[in-house]
Amino acid sequence: MNSICIITGSTLGGAEYVADHINDVLTEQGFEVELFNQATLADIEGKSHLIVVTSTHGAGELPDNIQPLFADLKSSSADFSTMKFGVIGLGSSDYDTFCNAVDIVEDSLNAKGANQVCESLRIDVVNNFDHDASAEEWLPSFLQNL
């Protein structure tokens, strides 16, 4: 279990920055990490450990760069029952769809049999200005359940 796949859903780059930081932290801890900013279904098939870092876009949707992956996932017959995953979301509590992309990711992966190993992190960009630190504090809850 030394390989972790990280995928991002980002519109303005915030989720990519957090994913880059998590990538660096995991690499320093000796993990092999693959990071995809434009992930495809082929990129995540067969992976046993996945972290999704995504913002919420528009009216509670996934960002454009990750929508094709989740559309393909929905129509796929792939079985992800050997995958363990966690989700980090960024959003604004000024909107009633705060971090709704997290719910979409959780529902989509659970529907394919993947196993969520910890509570998702929902970062409120309105009052949390150190997204990297928040994600790093969340990381042990993910790792201890792999």
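Tutor: Helices (H or I, at least four residues) and strands (E, at least two) are DSSP runs, numbered from the N terminus. An unreviewed UniProt entry annotates residues 4-143 as "domain: Flavodoxin-like"; such annotations may be inferred rather than shown by experiment, and their positions follow the numbering used here, with feature names shortened. The model is predicted: local features need pLDDT of at least 70 and side-chain atom pairs pLDDT 80 or more, while totals for chains, interfaces and linings use all residues. Residues are numbered from 1 along each chain as its sequence is written, and side-chain values use heavy atoms, with hydrogens and water left out.

The protein chain has five helices and six strands, in the sequence order β-α-β-α-β-α-β-α-β-β-α. Its radius of gyration, over C-alpha atoms, is 14 Å, close to the 15 Å from the globule rule for 146 residues, so the chain is as compact as a globular protein of that length; the rule is 2.2 Å times the number of residues to the power 0.38. Along the principal axes, the C-alpha atoms fill a box of roughly 35 × 35 × 25 Å.

Of the 146 residues in the protein chain, 48% are buried, meaning under 20% relative accessible area with a 1.4 Å probe, protein chains only. Among contacts (heavy atoms within 4.5 Å) between residues at least 6 apart in sequence, 78% join residues at least 24 apart.

Notes
Buried means under 20% relative accessible area, exposed over 50%, partly exposed in between (1.4 Å probe, protein chains only).
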